[in-house]
Amino acid sequence: EVLDMSKIESGKLSMKEEPFNFAELAADAVELVRSQSDANNIKLEINMRVLKNEKVLGDRRRISQVCISILGNAVKYTPEGGKVSVEVEQEESSRGGYQRYIFRCTDTGIGMNREFLKKLFLPFERVQDSENSRISGTGLGMAITKNLVDLMNGEIEVESEPGKGSVFTVTIPLK
């Protein structure tokens, strides 16, 4: 993560454009965190809307990194017995030759207050309270995620409420 952040800050991280299947990427990301969710008795589900164009061009590795980072945090910050769900959909884009691909992750986790949401995408920021002190991490995951989404001309939105969970919505334009 430190190396990725360094590359991003120095402008040396380049995006690739390669063919891949967006639906498969999302399903693979969910399956990658499934063992962690199963171990913590967290229900993990994916709702794949019919995608008109599953085959796209973009940086598969970096888009996967974004999805896994968001999913990993959702599972990490959702207490036992909770739920994490993923929705994937496609929308028309005003940009010729592109479609908007949406990856939305909703959890019943611990949530975040408004003050922390303002700092969520800053490097090394972590919630500082007794409940979260036992959860490991560098505080770089969301900063990297935001930068990757920005480099792909995408958007990331977060809605959250303490004790009720969070919703992360990533929209990325892809050919």
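This is a predicted model: local features need pLDDT of at least 70, side-chain atom pairs count only at pLDDT 80 or more; totals for chains, interfaces and linings use all residues.
**Entry 1: the whole chain**

I began with the element count and found 5 helices and 7 strands. Reading from the N terminus, I wrote down the order α-β-α-β-β-α-β-β-α-α-β-β. The protein has 175 residues, and 43% of them count as buried. For the accessible surface I noted about 9500 Å², with 47% of that belonging to carbon and sulfur atoms. I also looked up contact range: among contacts between residues at least 6 apart in sequence, 71% join residues at least 24 apart.

**Entry 2: strand β7**

Next I turned to β7, which spans residues 165-174. How many of its 10 residues are buried? I found 9, so I logged the strand as mostly covered, buried meaning under 20% relative accessible area.

Then I looked up its partners. Strand β5, residues 99-107, pairs with β7 in the antiparallel sense over 9 bridges. One bridge I picked out sets Ile102 against Thr171 in β7. Strand β6, residues 155-161, also runs antiparallel to β7, and 7 bridges join the two. Here I noted Ser160, whose bridge partner in β7 is Ser166.

The hairpin of β6 and β7 has 3 residues between the strands.

**Entry 3: Thr169**

I stayed in β7 and picked Thr169. Is this residue buried or exposed? Thr169 has a relative accessible area of 10%, so it counts as buried, the limit being under 20%. Its side chain makes a polar contact of 3.2 Å with the side chain of Arg104. Leaving out residues up to four places away in sequence, I listed what Thr169 touches: Ile102, Phe103, Arg104, Glu155, Ile156 and Glu157.

**Entry 4: aromatic rings**

I searched for aromatic pairs, and the structure holds 1. The ring centres of Phe22 and Tyr101 lie 5.1 Å apart with their planes at 45°, so I recorded the pair as tilted. The pair links distant parts of the chain: Phe22 belongs to helix α2 (residues 22-39) and Tyr101 to strand β5, 79 residues apart.

Phe22 is buried at 2% relative accessibility, and Tyr101 is buried at 1%.

Arg95 lies over the face of Tyr98, at 3.8 Å from the ring centre.

Conventions. Residues are numbered from 1 along each chain as its sequence is written. Side-chain values use heavy atoms; hydrogens and water are left out. Buried means under 20% relative accessible area, exposed over 50%, partly exposed in between (1.4 Å probe, protein chains only). Helices (H or I, at least four residues) and strands (E, at least two) are DSSP runs, numbered from the N terminus. Two strands pair if DSSP finds at least two bridges between them. A polar contact is a pair of N or O atoms within 3.5 Å; within protein, one must be able to donate a hydrogen and the other to accept it, and residues adjacent in sequence count only if both atoms are side-chain atoms. Contact means heavy atoms within 4.5 Å. Accessible areas come from the Shrake-Rupley method with a 1.4 Å probe; for residues, only the protein chains shown count as cover. Rings of Phe, Tyr and Trp (its six-membered ring) pair if their centres lie within 6.5 Å; planes under 30 degrees apart count as stacked, over 60 as edge-to-face and the rest as tilted. A charge sits over a ring if NZ of Lys or CZ of Arg is within 6 Å of the ring centre and within 35 degrees of the ring normal.
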